[in-house]
Amino acid sequence: MIRLHVKYLIFSISVLVSSMSLSDARWHTSKVARVYPLSDGAFVITFQNFTEACTNGDKYFYVQAGQNGASAEGVEKMYSLAMTAGVTGKDLSINFDSTSLKCFVNRMSVDFSVN
């Protein structure tokens with residue numbers, strides 16, 4: 001009887017974990033058009049070229065602590081990187097959840113070796 005409960009528990013946990021990972025991580029690379037800080041410490045990025053993989057109508061990508069795995073420290077670092085990309089005119093690559101209504105970003109990069 002205990003083995004049956006353990007198997008049921010393991011099955012339930014595996015179903016829960018698989019349902020939690022329904023996000024669809026996508027990459028997008030473009031020059032930054034705007035960086036818009038919000039009062040709660042989050043910020044919004046818009047790009048010169050938009051991707052249809054982000055389905056929100058305002059074409060904003062949100063970077064917010066607690067969303068898509070981003071921490072408060074990570075948000076601060078991503079803000080600095082987004083500003084650096086914007087000021088230098090370099091492309092910014094972001095990884096975002098295309099299933100979220102706000103296309104929450106959880107990591108980004110800039111390649112400074114590319115003109």
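**Close-up views of a predicted model**

**View 1. The disulfide between C54 and C103.** A disulfide (a pair of cysteine sulfur atoms within 2.5 Å) joins C54 to C103, with an S to S distance of 2.0 Å. The structure holds one disulfide, and the link of C54 and C103 is right-handed, with 110° about the S-S bond. The two cysteines belong to distant parts of the chain, 49 residues apart, with C54 in the loop between β2 and β3 and C103 in the loop between β4 (91-97) and β5. Helices (H or I, at least four residues) and strands (E, at least two) are DSSP runs, numbered from the N terminus. C54 is buried, with a relative accessible area of 2%, and C103 is buried as well, at 0% relative accessibility; buried means under 20% relative accessible area, exposed over 50%, and partly exposed in between, with a 1.4 Å probe and protein chains only.

The model shown in these views is predicted, so that local features need pLDDT of at least 70 and side-chain atom pairs count only at pLDDT 80 or more, whereas totals for chains, interfaces and linings use all residues. Residues are numbered from 1 along each chain as its sequence is written, and side-chain values use heavy atoms, with hydrogens and water left out.

View 2. The protein has two helices and five strands, which follow the pattern α-β-β-β-α-β-β when read along the sequence. Five strands form an open sheet in the order β3-β2-β1-β4-β5, with antiparallel pairing; two strands pair if DSSP finds at least two bridges between them. Strands β3 (61-63) and β5 (105-109) stand at the edges with a single partner strand each, so one side of each is left without a neighbour in the sheet. From one strand to the next, the twist averages 50°, where axes are lines fitted to C-alpha atoms (for helices over the stretch in contact) and angles run from 0 to 180 degrees between N-to-C directions.

**View 3. Bridges between the strands.** Strands of a sheet pair through backbone hydrogen bonds, either parallel or antiparallel. Strand β2 (residues 43-47) is joined to β3 by three bridges, and these two strands run antiparallel; F43 stands opposite V63 in β3. Seven bridges connect strand β1 (residues 25-37) with β4, again antiparallel, and here K31 stands opposite D91 in β4. Between β4 and β5, which also run antiparallel, there are four bridges, and I94 has M108 in β5 as its bridge partner. Strand β4 is mostly covered, since six of its seven residues are buried.

**View 4. The largest nonpolar core, around I45.** A nonpolar core is a set of buried Ala, Val, Leu, Ile, Met, Phe, Trp, Tyr and Cys residues joined through side-chain atoms within 4.5 Å. The largest one has 20 residues, of which I45, L92 and M108 touch the most other members. At least two residues of this core come from each of β2, β3, α2 (72-88), β4 and β5, and α2 gives the most, with four residues. Leaving aside residues up to four places away in sequence, I45 touches V32, R34, K59, Y60, F61, V63, A82, L92 and M108, where contact means heavy atoms within 4.5 Å. Over the protein as a whole, buried residues make up 31% of the 115 residues, and among contacts between residues at least 6 apart in sequence, 55% join residues at least 24 apart.

**View 5. The aromatic pair of F43 and Y79.** Six aromatic pairs are found in a search of the whole structure; rings of Phe, Tyr and Trp (its six-membered ring) pair if their centres lie within 6.5 Å, and planes under 30 degrees apart count as stacked, over 60 as edge-to-face and the rest as tilted. One of these pairs, F43 and Y79, is edge-to-face, at 5.2 Å centre to centre and 80° between the planes. Because F43 lies in strand β2 and Y79 in helix α2, the pair ties together parts that are 36 residues apart in sequence. F43 is buried at 1% relative accessibility, whereas Y79 is partly exposed, with a relative accessible area of 28%.

**View 6. The aromatic pair of F61 and F96.** The rings of F61 and F96 have their centres 5.0 Å apart and their planes at 75°, so the pair is edge-to-face. F61 in strand β3 and F96 in strand β4 are 35 residues apart, and their pair links distant parts of the chain. Both F61 and F96 are buried, and ring pairs link F47, F50, F61 and F96 into a cluster.
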